[in-house]
Amino acid sequence: MLAEWTNFFVMVGGGAAALAGLIFVAMSTNHAIILRNTTHKNRAINMLTGFTAAFMASGLALMGNQNLEVLGFEWLVLWLIATIVFIRGYVIAIRSGMSSIGLNLPRLAGGTLCYLAEVVSAIFLILGYSSGLYIAAVAIVVLFAFLISGAWLLMIGIYEDRAK
């Protein structure tokens, strides 16, 4: 079953790695502003964590000689950690009150739902249901939209802080 998904995971893994690299470069050139602002710092952590998790999930899916149950267990651990990092970072950013750009309930709920869908997909795989792959695929594509827009909001926030 996993062989049918090779192209998808190669695409997702490559895209995630490339986007994580771009965010890392953008963070490196603006590190002073990011470190001064709790919202920016946590958003940067969330973007890097999300893209890294997508890259790692793709790599795990491409690993040879694995069945769906083993992949499900690996993904469960990975996506639970990523979910905790995402929610923690968002809560810290909201509480800091430093930059409210994009810190709203729909973004928090949408991102959380994407991460939780990945957790559910892992549970489905552990239980032997290949439908977990479809849930994971949809969730990761939607998660990419949240991560990319989050990276954009980070850059807008940095730009606004520079203008001050």
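## Pocket and cavities of a predicted model

The lining of the second largest cavity receives at least two residues from each of α1, α4 and α6. This is a predicted model, in which local features need pLDDT of at least 70, side-chain atom pairs count only at pLDDT 80 or more, and totals for chains, interfaces and linings use all residues. Residues are numbered from 1 along each chain as its sequence is written, and side-chain values use heavy atoms, with hydrogens and water left out.

Some terms are needed here. On a 1 Å grid over the protein atoms alone, a cavity is a set of points where a 1.4 Å probe fits but cannot get out, whereas a pocket is an open set with protein on both sides within 12 Å along at least five of seven lines; lining residues have an atom within 4 Å of a point. Helices (H or I, at least four residues) are DSSP runs numbered from the N terminus. A volume is the space filled by probe spheres set on the points, which are joined across faces, edges and corners.

Helices α3 (38-62), α4 (68-96), α5 (105-126) and α6 each contribute at least two residues to the lining of the largest cavity; α3 gives the most, five residues.

The largest pocket is lined by L19, L22, I23, A26, F51, I148, A151, W152, L154 and M155. The elements giving two or more residues to this lining are α1 (6-29) and α6 (131-163), and the largest share, five residues, comes from α6.

The table sets out volumes and residue classes. Ala, Val, Leu, Ile, Met, Phe, Trp, Tyr, Cys and Pro count as nonpolar, Asp, Glu, Lys and Arg as charged, and the others, Gly among them, as polar.

| Space | Volume | Lining by class |
|---|---|---|
| Largest pocket | about 160 Å³ | 10 nonpolar, no polar, no charged residues |
| Largest cavity | about 150 Å³ | nine nonpolar, five polar, two charged residues |
| Second largest cavity | about 30 Å³ | eight nonpolar, no polar, one charged residues |
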